[in-house]
Amino acid sequence: MGTPQIINKKLVKDINDNCWIDGYFSYTDKDWEKYRKRCKLSTFSSNQSFKKIFEELQKNKIVYLYQSKQFNIYLKKTTDTDICLVEEKQLEGECAISPTKFIITMFIESSSKIINQLIVYYNEDYGSDMAQVTLDFYIDKQLNIWLFEHLLVEEGASATLWQHYKINTKGKFNLLDEIKCQFENGGLKLVCKNKNFKNK
């Protein structure tokens with residue numbers, strides 16, 4: 001359930017190699033058509049079951065994904081409010097910079113108590129700055145979870161985080177594999193590092 005395209009970690013390199021735009025304002029319709037073909041991010045879509053769940057979460061409902069005698073797993077919307085990024089800069093009681101952030105958190109409960117939680121989705125929109133940060137997820141029937149964070153700006157899109165978790169029999173999120181990317185050299189170069197935890 002979620003966005004199945006994110007399972008393959010090769011997606012990180014593919015997005016970072018093919019989703020950058022040279023000359024955003026000079027792009028023609030043909031340029032955009034070519035961009036959509038080469039950038040797989042533009043073809044992302046969640047499966048139908050997740051779209052229904054997303055609608056339920058927007059209504060502040062809890063959605064159970066898994067239930068057993070040992071533990072239950074459910075999704076819950078944890079915020080969709082405007083968040084002050086720079087608290088000191090206030091304008092008539094509102095944030096000078098206030099992105100809208102929609103967050104979905106996965107909770108694991110045992111004996112009616114929350115024993116673990118993990119943010120699995122967010123969409124942070126900076127509006128006038130034409131910047132958007134999104135975390136997508138996918139969970140399979142074996143309780144594997146994949147997370148994929150990507151940044152969208154005028155110059156295109158880049159992948160900044162890919163993670164693979166497995167929920168163990170005790171209800172713990174075990175991180176198995178991770179790729180983290182960050183801009184270095186004054187924001188000119190995107191450097192990605194892969195850490196594999198499966199053999200540790």
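This briefing covers the disulfides, salt bridges and aromatic pairs of the structure above. The model is predicted, so local features need pLDDT of at least 70 and side-chain atom pairs count only at pLDDT 80 or more, while totals for chains, interfaces and linings use all residues. Residues are numbered from 1 along each chain as its sequence is written, and side-chain values use heavy atoms, with hydrogens and water left out. Helices (DSSP runs of H or I, at least four residues) and strands (DSSP runs of E, at least two) are numbered from the N terminus. Buried stands for under 20% relative accessible area, exposed for over 50%, and partly exposed for values in between, with a 1.4 Å probe and protein chains only.

**Disulfides**

- With a disulfide taken as a pair of cysteine sulfur atoms within 2.5 Å, the count comes to two.
- C19 and C39 form a disulfide with their sulfur atoms 2.0 Å apart, and C19 lies in the loop between α1 (10–18) and α2 (29–38) whereas C39 lies in the loop between α2 and α3 (48–58), so the pair ties together parts that are 20 residues apart in sequence.
- The torsion about the S-S bond of C19 and C39 is about 100°, so this disulfide is right-handed.
- C19 is buried at a relative accessible area of 0%, and C39 is buried at 2%.
- C181 is joined to C192 by a disulfide, S to S 2.1 Å, which links strand β10 (residues 173–184), where C181 lies, to strand β11 (residues 189–196), where C192 lies, 11 residues apart.
- The S-S torsion of C181 and C192 is about 110°, so this disulfide is right-handed.
- C181 counts as buried at 8% relative accessibility, whereas C192 is partly exposed with a relative accessible area of 35%.

**Salt bridges**

- A salt bridge is a side-chain nitrogen of Lys or Arg within 4 Å of a carboxyl oxygen of Asp or Glu, and a search of the whole structure finds six.
- One of them pairs D177 with K9, the closest N and O atoms being 3.0 Å apart; D177 lies in strand β10 and K9 in the segment before α1, so the pair ties together parts that are 168 residues apart in sequence.
- D177 counts as buried at 3% relative accessibility, whereas K9 is partly exposed at 27%.
- E56 forms a salt bridge with K59, with the closest N and O atoms 3.9 Å apart, and E56 also forms a salt bridge with K61, with the closest N and O atoms 3.5 Å apart.
- E56, K59 and K61 are thus linked in a network of salt bridges, in which E56 is partly exposed at 28% relative accessibility, K59 is exposed at 53% and K61 is partly exposed at 41%.

**Aromatic pairs**

- Rings of Phe, Tyr and Trp (its six-membered ring) pair if their centres lie within 6.5 Å, and planes under 30 degrees apart count as stacked, over 60 as edge-to-face and the rest as tilted.
- The structure holds seven aromatic pairs, among them W20 and F183, whose ring centres are 6.3 Å apart and whose planes stand at 45°, so the pair is tilted.
- W20 lies in the loop between α1 and α2 and F183 in strand β10, so the pair ties together parts that are 163 residues apart in sequence.
- W20 counts as partly exposed at 35% relative accessibility, and F183 is partly exposed at 33%.
- Y66 and F71 form a tilted aromatic pair, 5.6 Å centre to centre with 40° between the planes; Y66 is partly exposed at 30%, whereas F71 is buried at 4%.
- Y64, Y74 and F107 form one aromatic cluster.
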